[in-house]
Amino acid sequence: MVLSKTASQTDVSVHSTFASRYVRNSLPRFKMPEESIPKEAAYQIINDELMLDGNPRLNLASFVTTWMEPECDKLIMDAINKNYVDMDEYPVTTELQNRCVNMIAHLFNAPLGDSETAVGVGTVGSSEAIMLAGLAFKRKWQNKRKAEGKPYDKPNIVTGANVQVCWEKFARYFEVELKEVKLREGYYVMDPAKAVEMVDENTICVAAILGSTLNGEFEDVKLLNDLLVEKNKETGWDTPIHVDAASGGFIAPFLYPELEWDFRLPLVKSINVSGHKYGLVYAGIGWVIWRNKEDLPEELIFHINYLGADQPTFTLNFSKGSSQVIAQYYQLIRLGYEGYRNVMENCHENAMVLKRGLEKTGRFNIVSKDEGVPLVAFSLKDNKRHNEFEIAEMLRRFGWIVPAYTMPADTQHITVLRVVIREDFSRTLAERLVMDIEKVLHELDTLPARVNAKLAMAEEEHGKNGTVKKTAIETQREITTYWKKYVSDMKTNKKKIC
């Protein structure tokens, strides 16, 4: 979390059993200690606490890479002390970043000449990349409106309600109205036709998602482009498209090369992608690529010379590590097109193994699509007695971290579980997860219904008193709200115990 809070109020000291070999005094938990302690004690104290973290390999909630080859791990550690922003001091690292930008631009079919250099930058993730792309759209729109003598104080951006929270951050931080296309049951991505209907003269861009966080589905960028081309012709506007390919940008080129979603479409002006997701690099690297130089206003680029030479920079932060940039270059040359295709095909096959295993139980509806990010999103066919939040909570006993969550506006009565298939999630683990889910279901079947029974009794009591009976959706929403609070309270209690 960005905002910190104390995890425990019962003890203000940190204790360690093994560290007592070096130091007997306890350490203050929330204040810097007055005296130094041996390095062995510091290590042991921290190591003991970190044992209570979940296993990253079993964290099936996350899209972020949790395994890399030892050779790349070594490169990362060798560069851990390099500040990427010192371009004049570390020119080779800067060169590697430029190579990555050009490789990714070609992967996304940027219209580059033989000797033309791609326009893009490495970021700390797709959130920063989206902020930069959004700023470029906003500034370009403002410049055009100023030149035409029109108001430029009410920019908006059109997205689906399924966008990641970074889009909401961009809208709030940079004062852009966020116009969301609501979802509907059975259709959990942005409807291109409805999105184009919401476009007006103040729309700086339409954001399409290549790989929804909710169910992994690719939005129809080709249809969006075609509909928007027609609207632009009718209105005289030139509303562009940004593709948020955080999850799908390193998947579509290898699994679905014929799918048109990138710079092959004329209205796509910028694309972001997360190197730390299916780019197969540890957390801390993202990329944003522009179609050409005209799509990135020059006034957004800063030039500094106090590090030894003139250096152009377009980032929200300044200092950052070089390791992830180097790791990304390693993966691109180590795997090549063939290697990435093999990894993505294997992820997709393991997702299908998990999907078939869940279907065989007869207890779940599959919400995700076969074409898209390799993940499986699923919900219970019958959640009258027990629900998805209970399954997620009980799976933690086996070490699995599987998120349960409600869908966005207009579909919030639907609760799903989601398993993200990464490179390090094998077929054996997929089969084992299905077995553990079956164990959880069997155990839940033997337990009395918790919330649902109480709601049913309350509803029956209301009926006797002549009040209106709740609909199935209203009941399900009440159940979902209860369980979200229950799971949150459980996590809070665990932190207090720790």
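## Two helices side by side

Helices α9 and α11 run roughly parallel to each other, because an angle under 35 degrees counts as roughly parallel, over 145 as roughly antiparallel, 65 to 115 as roughly perpendicular and the rest as oblique. Their axes come within 9 Å and cross at roughly 20 degrees. Here an axis is a line fitted to C-alpha atoms, for helices over the stretch in contact, and the angle runs from 0 to 180 degrees between N-to-C directions. The crossing of α9 and α11 is right-handed; that word applies if the near helix is turned clockwise from the far one by less than a right angle, and left-handed applies if the turn is anticlockwise.

On the α9 side, N350, V353, L354, G357, L358 and T361 take part, and they meet R427, A430, E431, L433, V434, I437 and E438 of α11. Contact means heavy atoms within 4.5 Å.

## The model as a whole

What you see is a predicted model, in which local features need pLDDT of at least 70 and side-chain atom pairs count only at pLDDT 80 or more, while totals for chains, interfaces and linings use all residues. Residues are numbered from 1 along each chain as its sequence is written, and side-chain values use heavy atoms, with hydrogens and water left out.

The protein has 13 helices and 15 strands. These are DSSP runs numbered from the N terminus: helices are H or I with at least four residues, and strands are E with at least two. Of its 498 residues, 50% count as buried, where buried means under 20% relative accessible area, exposed over 50% and partly exposed in between, with a 1.4 Å probe and protein chains only. Among contacts with a separation of 6 or more, 69% join residues 24 or more positions apart. The protein exposes about 25,400 Å², and carbon and sulfur atoms supply 53% of that area, computed by the Shrake-Rupley method with a 1.4 Å probe, where for residues only the protein chains shown count as cover.

## A closer look at α11

How does the span of α11 agree with its 20 residues? At 1.5 Å a residue, residues 427-446 should span 28 Å, and the end C-alpha atoms are 29 Å apart, which agrees. The expected span is 1.5 Å times one less than the number of residues.

Which residues of α11 are buried? They are A430, L433, V434, D436, I437, V440, L441 and L444. Their cover includes α9 (323-361), β12 (364-366), β13 (375-380), α10 (388-395) and β15 (415-420).

α10 and α11 pack at an angle of about 120 degrees, with their axes 10 Å apart. That makes α10 oblique to α11. The contact is made by E390, I391, M394 and L395 of α10 with D436, I437, V440, L441, E443 and L444 of α11. α10 passes α11 in a right-handed crossing.

For α3 and α9, the axes come within 9 Å and cross at roughly 50 degrees, so α3 is oblique to α9. This crossing is left-handed. T93, L96, Q97, R99, C100 and M103 of α3 make the contact with V325, I326, Q328, Y329, L332 and I333 of α9.

N109 is found in the loop between α3 (91-107) and β3 (119-123). Its phi is near 60 degrees, a positive value in a residue other than glycine. At 34% relative accessibility, N109 counts as partly exposed.

E175 lies in the loop between α5 (165-173) and β5 (177-181), and its phi, near 55 degrees, is a positive value in a residue other than glycine. Is E175 buried or exposed? With a relative accessible area of 64%, E175 is exposed.
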